[in-house]
Amino acid sequence: MTRDPRYDILFEPVRIGPVTARNRFYQVPHCNGMGYRDASALAAMRGMKAQGGWAVVCTEMVEIHHGADVAPYVELRIWSDQDIPMLARIAEKIHAHDSLAGIELCHSGYTAVNLWSREIPMAASPMPAASFFNSPVQAREMDKEDIRNLRRAHRAAALRAKAAGFDLVYVYAGHGLGIFQQFLSRATNFRSDEYGGSLENRARLLREVIEDTKDAVGGSCAVPVRIAMNEFQGAAGLEPAEVEDAIAMMAELPDLWDLSLSSWSKDSQTSRFAEEGFQEPYIKGVKKLTSKPVVGVGRYTSPDSMVRVIRQGIMDMIGAARPSIADPFLPKKIEEGRLDDIRECIGCNICISNDFTMTPLRCTQNPTMGEEWRRGWHPETIRPKQKDAHVLVVGSGPAGLEAARALGQRGLTVTIADRAAEPGGRVARECRLPGLAAWSRVRDWRMLQIGKMPNVSLYLESDMTVETVAELGADNVLVATGATWRRDGTGSAQVRPIALAADADVLTPDDIMAGRMPRGRDVVIYDDDHYYMGGVLAELLRKHGFTVTLVTPAPLVSIFTKATLEQATIQSRLLELDVRIEANTLVKSIATAHATLGCSFTGKTREIAAASVVMVTARDPVDSLFHSLLKAGHSVSRAGDCFGPGTIAAAVHAGRKFAEEFGDPPVDFLDMPFRREVTALAAN
Ligand code: ADP
Ligand code: SF4
């Protein structure tokens, strides 16, 4: 297939200072939880993006000095020449596919808590260091010598970046993480010297460092600036008008302007709270200020939207982190006219959660993300079958669909059977909940791919039992029958069932998704799951007019979503909807019209009116079919929620893993290939 001429504009080369990008697809810097610890895995991941057609592929933030250490987060480091080989490997992998390699040099100012190096953090002005763990650490104000040293450190890092082979060397003033933004913003700069006060003064350090970097490496490397357009603090912080003034003052100094929002939670908003293109109102004024290329982001997955933003003069290059994670081959697919093969990001931020858990990047839509080097998985290809076999997959949820699709891609004969009338399992149900519509893409992309495979057939309304499985006579069975929510209060805070009156109205999320509504008006949601479900159901039930109290043993609603950057938005939405929140609280027992709550610290109890209680606690694997088949002597495996209830991302990964490993001579799990990097010991 060939490209639709409508999209030709996306494939025009763009000159960025001394280098030229071969098209307008630009993978902006993004974190990945691999960093210096998993450098070869990281290099392979970046290389995959280049292979997929991204003309510019950037690293995540790279600490320029041990005095800017963001431990325990695992990012890259360019502290000394020792780091050059690791960084060079990343640049090489990107260059292997004719893409440009960008590096985001970073000093994180008061957000570099220096827990590892034990240096005193530095900032434009003295203030408590910002830390996920609320560390009792304060940053000191930088004096003139510190500023000189910061400039020297940045320059040295730029020279190392050039030695490592990078083509673009960033000056980073974004996300509240780059110290140059902290100088630029009146929210974090209270200085009275020539680096504080007026905009010109606050922008001084940024200007000096751009000049330093151009001077050091500008002959052969482009110098982009990544800048925050809005800090969402009104006049107390950066707003688009003031940032535009700053950009106008330095308009032609950098080689490219890379625009973002601050903090990170504003920049990487989920589909629950923001649509594709949500940054356009903040960035649309910049292009008229500069002749240099402008890059913007906004979770663009539609080539038509991409063409529109370029034609409307909003940006010159399509910046992407998440769309490039969900589909490293997005540019190639547009180029080859294979639009329906694009695996669109669902905007769930599971990818970001791994930066907070300091573990390698993963993605709900793309199970190969982070596994390119470690397991040798590829987002577009998979090894062909060694010999023919017929595999029956029971369950068409994320695990079953991905397993069937990948087995089908290997050329095996696959039958998928599901008792439901529609495919998709939990995704089909959950995408109807408030804000989760985009999650249907997990099902839709796989259904579309399976639809193209004559060797894969899907049977709905097919309840599988040991007898019906035997009738089908498949060589192997994969059970992917999912999980159901528990009704008995068992969760992470209370691992044993709680007392429930026989006539109490106790519902589960499955009941509500099946259309059952609570019996009475006063509803208690007991959220001992801590991800999105409790908060989403609170929103849904409020919209249906129920009075809702959300009880959680955690100090915050949906506390895991701190890692998906949504927690504050979820809690403020629930408060605005008049959902009563009882944090640090357990539901101890449920009677006909009330529930007994207990303080999770003191154990002190009290009663609350509760006509109905919705239990969002733990899930039970639906594994009876698996055990029956095993007993009947079938060759059977299980994957996804029916094995270990978890995220949709985990289920998709499990389905893929089954398909990747299927048909091998059995490998003992102790010998399972699983590459990792081992620290090279110093000489002594
Ligand atoms: P996962 O997240 O692991 O993919 P889901 O809960 O999303 O799991 O999907 C499980 C699917 O399995 C559901 O669509 C359900 O209808 C189906 N299912 C469960 N038990 C059977 C069975 N015995 N026969 C056929 N389909 C089943
Ligand atoms: Fe998109 Fe979710 Fe994948 Fe992140 S994890 S890239 S948000 S689909």
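The paragraphs below take up the domains and then the ligand shell.

This is a predicted model, in which local features need pLDDT of at least 70 and side-chain atom pairs count only at pLDDT 80 or more, while totals for chains, interfaces and linings use all residues. Residues are numbered from 1 along each chain as its sequence is written, chains are lettered from A and ligands numbered from 1 in the order in which they are written, and side-chain values use heavy atoms, with hydrogens and water left out.

The domain assignment, whose bounds come from an automatic or database source, gives domain 1 (5-356), domain 2 (390-482 + 622-661) and domain 3 (485-620). Between the C-alpha centres of domain 1 and domain 2 there are 39 Å, and 12 residues of domain 1 are in contact with 14 residues of domain 2 (contact meaning heavy atoms within 4.5 Å). The two domains bury about 1000 Å² between them, 59% of it on carbon and sulfur atoms, where buried area is the accessible area (1.4 Å probe) that two parts lose on being put together, summed over both. Of the area that domain 1 buries against domain 2, 44% is supplied by Asp 340, Arg 343 and Ile 346, more than by any other three residues.

Ile 346 also belongs to the residues that surround ligand 2, as do Arg 322, Cys 345 and Cys 363, among others (near meaning a heavy atom within 4 Å). Helices H11 (322-326) and H13 (350-356) each supply at least two residues of this shell, and H11 gives the largest share, three residues; helices here are DSSP runs (H or I, at least four residues), numbered from the N terminus.
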